[in-house]
Structures are given as structure tokens and as C-alpha cells.
Amino acid sequence: MSLLPRPSGSGRGFVLRAWPTGETSVVVAVLVDGVGLLRLLAKGAREQHSQLRPLVQPGRLADLEFSLDPARELQYLRGGTVLLDPLAVSPTLERSVYLLAALEIIDCCRPGHGHETGLFTLCEAYVEVLSCADPGREAALYYAFEIALLELLGVRPELEICTHCGARRAQAADGVAWLSPAAGGLVCGGCVDAGVEGGGAAVTRRLTPADLAAWPELAAAPRIWPVQPLAREAARNWGVMLHRFLEYHLPGYRLPASLALLRGQPR
Ligand SMILES: [Zn+2]
């Protein structure tokens with residue numbers, strides 16, 4: 001038997017995803033403050049009285065203890081304490097879905113390269129605000145999270161001026177502008193008509209003045225989170241636009257599967 005100390009780590013972590021393995025165990029993907037993304041094996045966590053059981057629910061923030069053996073890709077979850085369960089009090093379908101969708105994006109994008117701390121801070125702020133949000137605000141909070149994530153990764157959409165000619169969007173005669181993931185933001189009507197690069201087929205969505213009016217509030221997170229629910233049309237437009245933007249700029253991104261749960265729901 002070895003008397004060498006086992007390499008170990010600890011820290012606050014968000015459970016991003018959990019899937020069963022073996023007869024009673026669970027593997028979790030967690031985002032740990034200051035460490036980054038880890039895959040942890042929680043042995044026996046599906047057993048009724050396992051102390052690990054409360055720690056492996058997606059969305060929960062917990063103080064975690066785990067192995068940190070550089071020779072292993074999958075570490076062991078050894079114990080911990082739940083600090084926040086965002087679905088503990090009157091969870092709604094919207095709250096669950098927009099929580100899981102944000103966790104899915106973080107998990108599938110796997111941003112490294114020094115973004116771990118910023119990502120944890122953003123995730124923490126989002127989960128805290130979502131866990132006590134009034135019904136109706138969830139979509140606006142989720143889009144604000146997506147914009148803040150894009151900003152963190154250095155690809156925040158440019159919404160103030162035309163990315164091609166620099167014209168202020170307010171100068172457009174009818175107030176309409178276009179969002180182009182390829183151009184990194186707005187392309188004004190004049191530039192779209194002139195067929196500039198980033199216009200044409202790459203332009204994914206027409207922004208109405210009502211859509212543009214929602215931008216300052218959506219883009220203020222994580223300093224200030226949206227307080228107003230989005231109108232139905234604007235919510236639909238921002239949902240599509242941000243999805244296209246993430247698809248273009250984030251390798252590994254795909255539309256979160258949990259969003260499908262909202263399809264067909266009255267809004
Ligand atoms: Zn222009």
C-alpha cells in the first residue's frame with residue numbers, strides 16, 4: 001500500500017451535466033472556480049443514501065473535493081457541500097430550461113485559454129439571477145448570458161455602428177439594420193444594398209427598431225441584468241440571431257437540446 005499522499009483538489013464548482021455510468025455511479029462535467037472544466041466520477045452517487053447524490057444535480061453550485069491526478073483524465077468526486085440549488089424554490093419549466101441551456105453551452109464550448117475564472121464568475125452571476133427571477137424574464141436573462149459569453153470570448157456583436165462603413169445605426173432612414181455573424185455585427189441597409197462582404201447570404205436577420213431597443217439592456221449583463229421581459233417577436237428574433245452568432249464564432253457550439261422542451265409552450 002502506498003503512503004504517498006493522493007493528489008487532490010477542492011473548490012466551488014457548477015455541475016454542468018451528469019450521466020449515469022455502471023450500476024450506481026454518475027459522471028459529472030463540472031466547471032470549477034480557478035481550475036476549469038473537469039470530468040468527475042461519483043462512485044455510487046445513484047444510491048439512495050449516497051453523500052455524493054446531492055452533488056451531482058446539474059445547475060447546483062457546490063464546494064467540491066476531488067482527486068486531481070495529472071495522469072488521469074477522469075478524476076474522482078470525493079465529497080462536498082451544496083451551496084446553491086437554483087431549482088430549489090418553485091422551479092418553472094422556463095427556469096429549468098434556460099438554466100440547463102446555459103450549462104450546455106459552457107460544456108460544449110469548453111473555453112480554456114485563461115477564460116476559466118471569467119466563465120465561472122459569469123456562470124455564478126447568471127445562475128444566481130435566474131434562480132430568483134420573476135416569471136417571464138428568463139429568455140431575456142438567457143440572451144444576456146449569451147451576449148456576455150460572446151464578450152468574454154472576444155466576439156461581442158457590434159451593434160452601435162455598421163461594421164462595414166461605420167455609419168451610426170440611428171442614421172438608417174427606417175431604423176432597420178441587419179445582423180451578420182460573418183461581419184461580427186451590424187451591417188447597415190446601404191451596405192447590404194451595395195452587396196458588401198458580410199451582407200447578402202451571410203446576413204441572417206433583419207433587426208427592427210423594437211429589436212434594437214432591447215439591445216442596451218441585454219448587453220449590460222453581467223453588470224446589470226435585464227429586468228424587462230422581452231416582447232414575443234423580439235424574443236424570437238434575438239433567439240435566432242444569437243444562436244447564429246454563437247454557431248459562427250464558437251467552435252463546438254450547438255443549439256442546446258434542452259431548448260426543445262419549450263417548443264409548443266404558450267408564451
Ligand atoms: Zn454600412
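**Close-up views of a predicted model**

**Figure 1. Order of elements along the chain.** From the N terminus on, the elements run β-β-β-β-β-α-α-α-β-β-α-β-α-α. That makes six helices and eight strands in the chain. The model is predicted. The chain has 267 residues, and 39% of them count as buried.

**Figure 2. Helix α1, residues 93-109**. The helix has 17 residues. From its first C-alpha to its last it reaches 24 Å, close to the 24 Å expected at 1.5 Å a residue. Helix α1 is mostly covered, with 13 of its 17 residues buried.

**Figure 3. The largest nonpolar core of the model**. This core has 73 residues. V28, V30, A102, L141 and A144 have the most contacts inside it. Domain 1 (8-84) and domain 2 (136-255) both give residues to the core, so it lies between them. In soluble globular proteins, nonpolar side chains tend to be buried together.

**Figure 4. Contacts of A144**. A144 is one of the residues with the most contacts inside the largest nonpolar core. Which residues does A144 contact, leaving aside its neighbours within four places in sequence? The partners are L218, A221, W225 and P226.

Note on methods: Residues numbered from 1 in each chain as written. Predicted model: local features only at pLDDT ≥ 70, side-chain atom pairs only at ≥ 80, totals over all residues. Helix = DSSP H or I, 4+ residues; strand = E, 2+ residues; numbered from the N terminus. Expected span 1.5 Å × (residues − 1). Buried ≥ 20, exposed ≤ 12 C-beta atoms within 10 Å, placed from the backbone. Core = buried A, V, L, I, M, F, W, Y, C linked by C-beta atoms within 7 Å. Domains from an automatic or database assignment. Contact = placed C-beta atoms within 7 Å.
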